[in-house]
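User: I'd like to go through this one with you and ask where the labels come from. Can you take my questions in turn?

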Amino acid sequence: MKNRIKDKYRVVTLNSLIYFLLAYYSVILLTNGFSLLLAKLYGYNGTLYHFGVILDIKEWQWSDNFVFLIFFLGTAFPLLLGIIAAKKYRKIRRRSCNYKMFFFWAYLISASYFFGNLLVGVIFYFGFGAVFVSYSVPLIIKILFGVIAVFVLIMIGKNSVRNTMVS
């Protein structure tokens, strides 16, 4: 009896791990691909890797509009992916289907990616931080964005517990 329960937990854990990895690579590649598409629309070339995008741009070619396009819109794309995945997950979460874990993980990863980048951008010159520096956003506004990002990340974690139990 105990072996059957252990085997069941192993299968569920492995299944969840596989869907986590699929969702992670999907979100990261779609986000980086979207940033590359934005750069190509602006007239610049680049290469898409699993860890990010390498753009063939000289330092003097970066304009404020291009920084906004790549580091704001490109980094905000996971929020859209997260909203779509959350809606899809809510529709199928009570059903017995394997792929619902993909949408659950895609929602969590997308939201964490967006709000994590917002939080890191408040502190460092990374992602949203490049936009903040480029547009000279005051420190009080950056702190407000950081507090909002922390609060939303806490709420996402709190709300995901219930969804985990349902799934």
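User: How much space lies in the largest pocket?

Analyst: About 440 Å³. Keep in mind that this is a predicted model.

User: Which residues lie nearest the centre of that largest pocket, and which elements supply its lining?

Analyst: The lining has 20 residues, and Asn32, Phe71, Thr75, Tyr113 and Phe126 lie nearest the centre. Helix 1, strand 2 (53-55), helix 2 and helix 3 each supply at least two lining residues. Helix 1 gives the most, with five.

User: On to the rings. What makes phenylalanine 20 and tryptophan 105 a pair, and why is the pair called edge-to-face?

Analyst: There are nine aromatic pairs by the rule used here. For phenylalanine 20 and tryptophan 105, the ring centres are 5.1 Å apart, and the cut-off for a pair is within 6.5 Å. Their planes sit at 80 degrees, and over 60 counts as edge-to-face, so that's the label. The pair also links distant parts of the chain: phenylalanine 20 is in helix 1 (residues 2-42) and tryptophan 105 in helix 3 (residues 100-123), 85 residues apart. Both belong to one aromatic cluster, formed by Phe20, Tyr24, Tyr25, Tyr89, Phe104 and Trp105.

User: Why are phenylalanine 20 and tryptophan 105 called partly exposed?

Analyst: Phenylalanine 20 has 28% relative accessibility and tryptophan 105 has 22%. Buried needs under 20% and exposed needs over 50%, so partly exposed is the label for phenylalanine 20 and for tryptophan 105.

User: And why is the pair of phenylalanine 34 and phenylalanine 77 called stacked?

Analyst: The planes of phenylalanine 34 and phenylalanine 77 are at 15 degrees, with the centres 4.3 Å apart. Phenylalanine 34 lies in helix 1 and phenylalanine 77 in helix 2 (residues 64-92), so the pair ties together parts 43 residues apart in sequence. As for accessibility, phenylalanine 34 is partly exposed at 23%, whereas phenylalanine 77 counts as buried at 17%, given the cut-off of under 20%.

User: How do you know that serine 110 is buried?

Analyst: Serine 110 has 0% relative accessibility, and buried means under 20%, so it qualifies. Serine 110 sits in helix 3 and touches Val27, Pro78, Leu81 and Gly82, leaving aside residues up to four places away in sequence.

User: Is valine 152 buried or partly exposed?

Analyst: Partly exposed: valine 152 comes out at 22%, and the buried label needs under 20%. Valine 152 is in helix 5 (residues 139-166). Its C-alpha atom is separated by 9.0 Å from that of alanine 111, 41 residues apart along the chain.

User: Which members of the largest nonpolar core touch the most other members?

Analyst: Tyr107, Phe115, Leu118 and Ile156, out of 25 residues. Helix 1, helix 2, helix 3, helix 4 (128-134) and helix 5 each give two or more residues to this core, and helix 3 has the largest share, with twelve. Isoleucine 156 touches Tyr107, Leu108, Ala111 and Phe115, again not counting residues up to four places away in sequence. Another core lies apart from this one, with nine residues, among them Leu36, Leu55, Ile57 and Phe66.

Methods
Residues numbered from 1 in each chain as written. Predicted model: local features only at pLDDT ≥ 70, side-chain atom pairs only at ≥ 80, totals over all residues. Heavy atoms only, no water. Phe/Tyr/Trp six-rings, centres within 6.5 Å; stacked < 30°, edge-to-face > 60°. Helix = DSSP H or I, 4+ residues; strand = E, 2+ residues; numbered from the N terminus. Buried < 20%, exposed > 50% of the residue type's maximum accessible area, 1.4 Å probe, protein only. Contact = heavy atoms within 4.5 Å. 1 Å grid on protein atoms, 1.4 Å probe; cavity = no way out; pocket = protein on both sides within 12 Å on 5 of 7 lines; lining within 4 Å. Points joined across faces, edges and corners; volume = space filled by probe spheres on them. Core = buried A, V, L, I, M, F, W, Y, C linked by side-chain atoms within 4.5 Å.
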